[in-house]
Amino acid sequence: MVDVAADLSAPPAGAWLHGVVRDAEPATFAAIGGMDGGPVRAVSAAGLVAVVSTAPLDEYGEEPLRRNLEDLAWLERAARAHHAVVEALARRGPVVPARLATVHTDDERVAGSLAARRAELVATLERLAGRGEWGVKGYLVPGAATAAADTAGGAGVGTAYLRRRRAQLTAREERQQVASAAADAVHSALCELAVAGRRHAPQDRRLSGASAPMVLNGAYLVDVAALSRFTELVDSLGGRYPGLHLELTGPWPAYSFVAERPEPALTVRGPG
Amino acid sequence: MTTALAPNSADDPLAYRPVALVDLLDRVLASGVVISGDITLAIADVDLVRISLRALVASVGALRQPEDAG
């Protein structure tokens with residue numbers, strides 16, 4: 001534990017990590033508001049700069065954090081405050097964003113992480129230069145054109161009902177399958193143009209408030225130079241797969257492309 | 001069918017448009033744990049906190065009402 005007992009009025013404070021950049025002018029940070037609205041700080045080590053907020057441990061320590069993260073209002077405020085810092089950094093150049101709630105007990109620990117992970121962080125910063133993350137979400141279009149259920153010919157009313165009902169169920173299953181295949185195809189096509197792509201789990205409709213089920217929740221790392229081609233491709237894929245409603249979001253800081261351990265989903269693959 | 005959202009504040013800081021919380025959580029909480037899984041958070045680069053998001057999902061109804069989600 002840190003020795004901060006000198007000032008009894010202030011609770012011990014840790015450092016909430018927002019992200020890592022190559023370098024930055026100290027003046028940059030005065031303009032960026034951190035978790036509590038006060039300016040963020042820079043912790044420099046190993047030729048890298050970690051951007052942190054002071055995080056009083058009575059709110060951001062392990063136990064309070066565990067409790068606070070279960071509080072959606074707190075979580076939203078924290079996520080937006082963290083994102084605002086990361087986005088401000090991303091506007092100035094490459095940044096490796098930290099996952100939400102990465103708290104170190106003091107600045108020395110932050111510096112230690114920079115030194116220990118230097119090679120990996122530098123490689124990631126280089127990979128992200130001149131690139132941005134874009135999100136493409138695909139929703140199942142409700143009641144998208146399917147083969148018309150055949151009308152009953154020469155059968156009783158009950159039989160016709162059952163047949164119609166079965167046709168409806170089959171149509172729904174088919175629509176799901178078609179949408180799922182379309183989502184795979186859209187993802188593959190976007191991955192070919194992007195530097196990297198990965199799929200997040202589809203969003204829960206209780207969280208997203210979406211009226212239709214999500215079948216694609218993709219994130220793509222795109223070269224700035226290829227951006228217009230990327231958005232055109234999203235448009236044309238939307239036309240090619242009318243059963244999907246595609247939605248583009250971004251640019252995002254490259255949250256989805258800085259995993260410590262590269263997952264298979266991170267690498268670009270050809271179709272299939 | 002496509003809806004292209006205008007690029008947000010990265011292009012123009014004055015045209016700030018808040019991003020959807022759910023899109024943000026997908027990203028800041030690592031991949032896809034928003035639905036029912038556990039989140040792992042690094043605390044002091046040693047200890048890991050795992051929290052359940054089930055309670056969170058359950059409380060969303062209450063959150064969604066005041067704001068008209070977009």
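Is V86(A) buried or exposed? V86(A) is buried, because 23 other C-beta atoms lie within 10 Å and 20 or more make a residue buried. The views below come from a predicted model.

View 1. V86(A) and S236(A) lie 150 residues apart in sequence, and their C-alpha atoms are 31 Å apart in space.

**View 2. Helix 4 of chain A from end to end.** This helix covers residues 72-92, which makes 21 residues. At 1.5 Å a residue, it should span 30 Å. Buried residues in the helix include L72(A), L75(A), A78(A), H82(A) and H83(A). Further along, V85(A), V86(A), E87(A), A88(A), L89(A) and A90(A) are also buried. When you trace them, keep the helical repeat in mind. An α-helix has 3.6 residues a turn, so residues three or four places apart point the same way. Just after the helix comes G93(A), with a positive phi of about 160°.

**View 3. Helix 7 and helix 9 of chain A packed together.** Helix 7 holds residues 157-193, and helix 9 holds residues 227-240. Their axes are 10 Å apart and meet at an angle of about 165°. Angles over 145 degrees count as roughly antiparallel, so these two helices of chain A are roughly antiparallel to each other. Their crossing is right-handed. By class, the contact has seven nonpolar residues, no polar ones and one charged residue. Helix 7 brings V186(A), A189(A), L190(A) and L193(A) to the contact. Helix 9 brings R229(A), F230(A), L233(A) and L237(A).

**View 4. Two alanines with positive phi, A46(A) and A101(A).** Start with the general rule. Most residues other than glycine have a negative phi. A46(A) has a positive phi near 55°. A46(A) sits in the loop between strand 2 (41-45) and strand 3 (48-56) of chain A. With 17 other C-beta atoms within 10 Å, A46(A) is partly exposed. Now turn to A101(A), which is not a glycine but has a positive phi of about 65°. Its place is the loop between strand 4 (96-97) and strand 5 (103-104) of chain A. A101(A) is buried, because 27 other C-beta atoms lie within 10 Å.

**View 5. A cis peptide bond from G250(A) to P251(A).** Most peptide bonds are trans. The bond from G250(A) to P251(A) is cis, with omega near 0°. P251(A) is in strand 9 of chain A, which holds residues 244-252.

**View 6. E126(A) in helix 6 of chain A.** Helix 6 holds residues 118-128, and E126(A) is found there. E126(A) counts as exposed, because it has 10 C-beta neighbours inside 10 Å. E126(A) and V95(A) are 31 residues apart in sequence, but 9.6 Å apart in space from C-alpha to C-alpha.

**View 7. The fold of chain B.** Chain B has two helices and three strands. From the N terminus on, the order is β-α-β-β-α. Chain B has 70 residues, of which 26% count as buried.

Notes:
Residues numbered from 1 in each chain as written. Chains lettered and ligands numbered in written order. Predicted model: local features only at pLDDT ≥ 70, side-chain atom pairs only at ≥ 80, totals over all residues. Helix = DSSP H or I, 4+ residues; strand = E, 2+ residues; numbered from the N terminus. Buried ≥ 20, exposed ≤ 12 C-beta atoms within 10 Å, placed from the backbone. Expected span 1.5 Å × (residues − 1). Axes fitted to C-alpha atoms, helices over the stretch in contact; angles between N-to-C directions. Parallel < 35°, antiparallel > 145°, perpendicular 65-115°, else oblique. Left-handed = near helix turned anticlockwise from the far one by under 90°. Contact = placed C-beta atoms within 7 Å. Nonpolar A, V, L, I, M, F, W, Y, C, P; charged D, E, K, R; others polar.
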